[in-house]
Amino acid sequence: MALTADDVDRFEAARPRLAAIAYRLLGSASEAEDAVQETFLRWQAADVDRVDVPEAWLTKVLTNLCLNQLTSARARRETYVGQWLPEPLLAGDPMLGPADTAEQRESVSYAVLALMERLTPQERAVYVLREAFGYPHRDIAGILGVSEAASQQILHRARQHVAAGRARTDIDQAAARRVVEEFLSAAASGRIEPLVRLLTGDAVSIGDGGGKIPARATPVVGAVAVAKFLRGLFTPGQAKRAVVGGTPELYAWTANGDPAVVAVLDGRVIGVICLQVTADGVAALHSQVNPDKLHRAGGSWAAVDHGEPLFTAF
């Protein structure tokens, strides 16, 4: 049946929420967009006059599409070159979704998105629907085809798996900028001591180059090891300039609600480093340099006034 203008309007009103759910479930903006578009095609093919609650119907269809995608994604990631990290979203991107509560902000933080890779697809769906969007277990049970009690048990397991990523400290844009400024100053100093003071003892650095940009295949763990790695990374060198094609400018920004360093070369975003800040210091650095995962960030960057760079790398 052909959709009426009202039917299309109903879907378009739901699109931002659907996209935010899909991004949290998949960790990829491009895959989230595909899932939302496929949901629209299912809506287009449905007898919408018989759909009592369009929001619930659309959420169920989208969630199950994402569950299927997650299952196939796990197989693909087994052959992924190096570490797999989510696609970062810069401040202001509507796909970040609601950020009114601590749970909503945590559910889209880069560290938690990375930790959610440990969850089963079903655990991830329950966690996202409950923590980020406040769906009652009754509704989640209907979406996933499980009992309400099972939904509660799945959420309990999911929370345990991602508990380590919930130690982050909420900070505003101004505070995030100060964190990045201090971090870049320490990294550019050429000494490891200033960096060690900023890091927690068990700090970790993880990079995703997707086999297209050089990145360590394994995480760097421990404050001293991370500080030495960063000192080497920020030490100027012709080889580094050759890899990226020039001298990038570094800006302080936020990505996924976290303080972030955005590396820009000739107006193009070539890297995003998300800093997980806790009460004890910077606990994790997640560096996304895979160009395939920076398209959306680049579009967001081009649309805003980002001021002057803090630092010129290499």
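Trainee: In this predicted model, which residue in β5 is the bridge partner of A263?

Mentor: A bridge pairs residues on neighbouring strands when DSSP finds it, and two strands count as paired once there are at least two bridges between them. Here the partner of A263 is G271 in β5, and 6 bridges in total join β4 to strand β5, residues 268–278, with the two strands running antiparallel.

Trainee: How many residues lie between β4 and β5 in their hairpin?

Mentor: There are 2 residues between these strands, and D266 in the turn has a positive phi of about 55°.

Trainee: Which strand pairs with β4 through 7 bridges?

Mentor: That is strand β3, residues 249–255, which runs antiparallel to β4, and within this pairing A252 stands opposite V261. β3 and β4 also form a hairpin with 2 residues between them, where N256 in the turn has a positive phi of about 55°.

Trainee: Which residues touch the most other members of the largest nonpolar core?

Mentor: That core has 49 residues, and I21, W43, L62, M116 and Y127 touch the most other members. Several helices supply at least two residues each, among them α2 (29–45), α3 (54–77) and α8 (148–162), while α1 gives the largest share, 10 residues. A second, separate core of 28 residues includes L199, A223, A252 and I270.

Key: Residues are numbered from 1 along each chain as its sequence is written. This is a predicted model: local features need pLDDT of at least 70, side-chain atom pairs count only at pLDDT 80 or more; totals for chains, interfaces and linings use all residues. Side-chain values use heavy atoms; hydrogens and water are left out. A nonpolar core is a set of buried Ala, Val, Leu, Ile, Met, Phe, Trp, Tyr and Cys residues joined through side-chain atoms within 4.5 Å. Buried means under 20% relative accessible area, exposed over 50%, partly exposed in between (1.4 Å probe, protein chains only). Helices (H or I, at least four residues) and strands (E, at least two) are DSSP runs, numbered from the N terminus.
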